Amino acid sequence: MKLTWQLTNPDAHADRILLLSPSLAGHAEHQWGDVARLLAADAFVALVYLPGHGPVAPWDEADEATLDAVAGGMVAVAAEVRAQVGDLPVSYAGLSVSGAVGLHLARDYADVFSGIAVVASAATVGEPDAWLERAAQVEAGGTEPLAEPTVQRWFTPAFAAKEPAVVARIRQDIVDTDDHSYAQLCRALAVHDVRDDLPSMTVPLLIIAGEEDASNPLEKVRLVADRAPDTQLVVVPGVAHQVPLAAPVAVAGHLRELMAGH
């Protein structure tokens, strides 16, 4: 899989690389931009877009609908960024579906990444039948019907009241996402299950959860922290699913510690 990426600070003087990738129906800059700017002095920060999300081409039919395919594309991005800025340690942080991708990276590409942050995600996400049903619905009727209920899950009422323009922008990103690309990621989430692989993941993992994230229950997050051997769990208070947007300073601080510690 060929993924599109953008280096946010090509003139940085840094000794490491950080890849940031968004949620399902997410625009990488809109979800991770604040964190990227806060870490501009700490790492070369690359925003990595999912197929059909934001300004990039839709899902290539040659690519299977699995998170393994996305993980392979992410490894290729790591190599491309290294070719541009130097052979530096690479860390990764993914939100939601991209957080699930991070667990596939931890399982299969431990030699590529020095640290992986899984944000608002887990070893399983939702239920397979529900993902397949959503894929069919989106293929038939688009993402518009999902936009409003999705942002209501993604943000607390307090954040939505304080930052209506941010919520409106994220809502529009959902509407603008390519329908088939969205559906393919739903199908990928339907078969995402790495619970049995957690004990073998040796890459340092940082698990970041929103205290009020109804999309990703804390018991599923704690399963990852309990089973993977080198894991730190952080629960950010007062935020829902869009943790990097709602708490960029906290997320940036935790990512800075992950990169510095490894």
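Colleague: Why does D87 count as exposed?

Modeller: D87 has 69% relative accessibility, and exposed means over 50%, buried under 20% and partly exposed in between, with a 1.4 Å probe and protein chains only, so D87 counts as exposed. The model is predicted, with local features needing pLDDT of at least 70 and side-chain atom pairs pLDDT 80 or more, while totals for chains, interfaces and linings use all residues. Residues are numbered from 1 along each chain as its sequence is written, and side-chain values use heavy atoms, without hydrogens and water.

Colleague: What makes R82 and D87 a salt bridge?

Modeller: The closest N and O atoms of R82 and D87 are 3.4 Å apart. A salt bridge needs a side-chain nitrogen of Lys or Arg within 4 Å of a carboxyl oxygen of Asp or Glu, so the pair R82 and D87 qualifies. R82 is partly exposed, at 24% relative accessibility.

Colleague: Which parts does the salt bridge of D42 with R256 tie together?

Modeller: The closest N and O atoms of D42 and R256 are 3.2 Å apart. D42 lies in the loop between helix 1 (28–38) and strand 3 (44–49), and R256 in helix 11 (residues 248–261), so the pair ties together parts 214 residues apart in sequence. Helices are DSSP runs of H or I with at least four residues, strands runs of E with at least two, numbered from the N terminus.

Colleague: Why is helix 4 called roughly antiparallel to helix 8?

Modeller: The axes of helix 4 (residues 128–141) and helix 8 (residues 179–190) cross at roughly 170° and come within 8 Å. Angles run from 0 to 180 degrees between N-to-C directions, with axes fitted to C-alpha atoms over the stretch in contact. Under 35 degrees counts as roughly parallel, over 145 as roughly antiparallel, 65 to 115 as roughly perpendicular and the rest as oblique, so helix 4 is roughly antiparallel to helix 8.
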